[in-house]
Amino acid sequence: MPAAILFFFLLLGLKPVQQPRPLDQLVLRTLTGEPTRLGDFHSPARVIVFLSPECPLCQQYSRKLTQLAQRKDLSVIGVFPGRAYDRADYEQFKRKYSIDFTLLTDANRSLVRALGATTTPEAFLIDGQGQILYRGAIDDWVTALGKTRPQARHHYLASAIDAFFVHQPILPAQVSPIGCLINDL
């Protein structure tokens with residue numbers, strides 16, 4: 001911000017509006033506490049999915065997410081928001097559900113705020129430039145809390161990924177997720 005504009009804001013007692021940091025600049029932590037940025041994951045597309053160790057739906061979807069992570073052209077990143085759990089909880093979740101994709105923590109919920117995430121599991125498909133291409137439910141297996149179909153009829157996230165890689169429109173681009181609310185801890 002030019003110095004003259006900053007001086008004007010200070011003169012009036014106003015604080016300049018902070019521009020949000022690009023997603024690639026946000027610092028999250030690995031399960032061992034090491035800082036990492038989303039920009040450190042170099043792939044044409046990234047799936048970010050918010051998880052909670054105790055959310056039954058996160059537990060159920062972990063296998064499907066691990067299958068998606070097998071794609072070589074895609075980074076799948078699970079993010080635990082808030083401070084409600086500790087490293088032991090995350091490690092136990094990883095072992096119990098055979099997670100084979102990157103897991104990060106967002107203790108300050110900076111990524112939650114940047115993406116406007118509200119639910120676990122909630123998935124985001126983001127391209128290499130940081131544009132959100134899809135957000136919401138992984139599929140339609142869950143019809144309401146505690147209610148599921150025998151099998152999913154629409155695989156929203158997988159369809160969005162497929163459409164992205166063949167340069168087709170992603171429709172729908174947003175589907176309301178059903179799951180556990182992200183808390184303020």
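**Entry 1: the second largest pocket.** I started with the lining of the second largest pocket, whose residues divide into four nonpolar, three polar and three charged. The model I am reading is a predicted one. I noted about 160 Å³ of space in this pocket. Ten residues line the second largest pocket, and Val 27, Leu 28, Asp 106, Asn 108 and Ser 110 lie nearest its centre. S1 gives the most, with three residues.

Entry 2: I then looked up Arg 109, which lies in the loop between S5 and helix H4 (110–115). Arg 109 is not a glycine, yet its phi is positive, at about 60 degrees. Is Arg 109 buried or exposed? Its relative accessibility is 16%, so it counts as buried.

**Entry 3: the largest pocket.** I wrote down a volume of about 200 Å³ for the largest pocket. Its lining includes Tyr 61, Lys 64, Asp 139, Trp 141 and His 155. I found three nonpolar, four polar and three charged residues in the lining of the largest pocket.

**Entry 4: aromatic rings.** How many aromatic pairs are there? My count came to six. One of them joins Tyr 61 and Trp 141, edge-to-face, with 5.8 Å from centre to centre and 85 degrees between the planes. This pair links distant parts of the chain: Tyr 61 sits in helix H2, and Trp 141 in the loop between strand S8 (132–136) and strand S9 (142–144), 80 residues apart. Tyr 61 counts as buried because its relative accessibility is 6%. Next I looked at Phe 80 and Tyr 90, whose ring centres are 4.3 Å apart with planes at 15 degrees, so I logged the pair as stacked. Phe 80 belongs to strand S4 and Tyr 90 to helix H3 (residues 87–96). Both Phe 80 and Tyr 90 are buried. Ring pairs also link Phe 80, Tyr 90, Phe 93 and Tyr 97 into a cluster.

**Entry 5: strand S3.** I gave this strand a page to itself. Six of the six residues of S3 (residues 45–50) are buried, so the strand is largely enclosed by the rest of the structure. Ala 45, Val 47 and Val 49 point one way from S3, while Arg 46, Ile 48 and Phe 50 point the other way. Which strands pair with S3? I found S4 (residues 74–81) running parallel to S3 and joined to it by six bridges, with Ala 45 opposite Leu 74. I also found strand S7 (residues 122–127) paired with S3 in the antiparallel sense, again over six bridges. There, Val 49 has Ala 123 as its bridge partner. Finally, I noted that S3, helix H2 (residues 56–68) and S4 make a right-handed β-α-β unit.

Entry 6: Most peptide bonds are trans, and most residues other than glycine have a negative phi. I looked for exceptions. Thr 120 and Pro 121 are joined by a cis peptide bond with omega at about -5 degrees, and Pro 121 is in the loop between strand S6 (119–120) and S7. The bond from Leu 171 to Pro 172 is cis too, with omega near -5 degrees. Pro 172 is in the loop between helix H5 (156–165) and strand S11 (174–175). His 167 also lies in the loop between H5 and S11, and its phi is positive, near 60 degrees. At 71% relative accessibility, I logged His 167 as exposed.

Notes:
Residues numbered from 1 in each chain as written. Predicted model: local features only at pLDDT ≥ 70, side-chain atom pairs only at ≥ 80, totals over all residues. Heavy atoms only, no water. Buried < 20%, exposed > 50% of the residue type's maximum accessible area, 1.4 Å probe, protein only. Helix = DSSP H or I, 4+ residues; strand = E, 2+ residues; numbered from the N terminus. Pairing = 2+ DSSP bridges. Right-handed = clockwise from strand over helix to strand, strands pointing away. Phe/Tyr/Trp six-rings, centres within 6.5 Å; stacked < 30°, edge-to-face > 60°. 1 Å grid on protein atoms, 1.4 Å probe; cavity = no way out; pocket = protein on both sides within 12 Å on 5 of 7 lines; lining within 4 Å. Points joined across faces, edges and corners; volume = space filled by probe spheres on them. Nonpolar A, V, L, I, M, F, W, Y, C, P; charged D, E, K, R; others polar.
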